[in-house]
Amino acid sequence: MEPKVYIETSIISYYTARPSRDLVIAGHQQITQEWWDSQLPRVHPHISAAVLDEISQGDQDAAQSRLKLVEGFP
């Protein structure tokens with residue numbers, strides 16, 4: 001059985017954001033993308049209604065990208 005993992009807002013934002021010029025943020029983005037691609041298939045991801053509310057705010061194109069990424073997550 002796959003472990004359950006709670007995915008919070010910053011993970012989704014780091015994964016979908018344009019690459020940052022700030023080295024620390026760029027590092028967080030890279031680590032997040034590597035984790036998402038290599039480890040997410042090994043777990044059962046979950047998000048909360050609060051996360052859905054948060055990722056649906058802001059720039060509508062970016063919000064749609066974030067929402068599409070987690071489509072189907074319980």
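The protein carries 6 positive and 10 negative side chains, and the centres of these two sets lie 3 Å apart. The model is a predicted one.

Start with the overall layout. The protein has 4 helices and 2 strands. Along the sequence they follow the pattern β-α-α-β-α-α. The C-alpha atoms fill a box of roughly 40 × 25 × 15 Å along the principal axes. A compact globule of 74 residues would have a radius of gyration near 11 Å, so the 12 Å of the protein agrees with that expectation.

Next, the surface and the contacts. The accessible surface comes to about 5,200 Å². Carbon and sulfur atoms account for 55% of this surface. Of the 74 residues, 22% count as buried. Take the contacts between residues at least 6 apart in sequence: 65% of them join residues at least 24 apart.

Now the interior. In soluble globular proteins, nonpolar side chains tend to be buried together. Here the largest nonpolar core has 10 residues in all. Its members are Ile7, Ile12, Trp36, Leu40, Val43, Ile47, Val51, Ile55, Val70 and Phe73.

Setting aside neighbours within four places in sequence, Ile7 is in contact with Ile12, Trp35, Trp36, Leu40, Pro45, His46, Ile47, Val51 and Phe73.

Trp36 sits in helix α2, which covers residues 23-38. Is Trp36 buried or exposed? Its relative accessibility is 8%, so Trp36 counts as buried; the cut-off for that label is under 20%. Beyond four places in sequence, Trp36 touches Ile7, Ile11, Tyr15, Pro41, Leu69 and Phe73.

Ala26 has a relative accessible area of 24%, so Ala26 is partly exposed. Buried means under 20% and exposed means over 50%, with partly exposed in between. Ala26 leads across to Tyr14, 12 residues away along the chain. The C-alpha atoms of Ala26 and Tyr14 are separated by 8.7 Å.

Tyr14 belongs to helix α1, residues 9-16. Tyr14 is partly exposed, because its relative accessible area is 24%. Which residues does Tyr14 contact, leaving aside neighbours within four places in sequence? They are Ile25, His28, Gln29, Thr32 and Gln33. One of them, Thr32, is 18 residues from Tyr14 in sequence. The C-alpha atoms of Tyr14 and Thr32 are 6.5 Å apart in space.

Two residues sum up the tour. Tyr14, in helix α1, is partly exposed.

Key: Residues are numbered from 1 along each chain as its sequence is written. This is a predicted model: local features need pLDDT of at least 70, side-chain atom pairs count only at pLDDT 80 or more; totals for chains, interfaces and linings use all residues. Side-chain values use heavy atoms; hydrogens and water are left out. The radius of gyration is taken over C-alpha atoms; the globule rule is 2.2 Å times the number of residues to the power 0.38. Buried means under 20% relative accessible area, exposed over 50%, partly exposed in between (1.4 Å probe, protein chains only). Contact means heavy atoms within 4.5 Å. Accessible areas come from the Shrake-Rupley method with a 1.4 Å probe; for residues, only the protein chains shown count as cover. Lys and Arg count as positive and Asp and Glu as negative; His and the chain ends are not counted. The place of a charge is taken as NZ of Lys, CZ of Arg, CG of Asp or CD of Glu. A nonpolar core is a set of buried Ala, Val, Leu, Ile, Met, Phe, Trp, Tyr and Cys residues joined through side-chain atoms within 4.5 Å.
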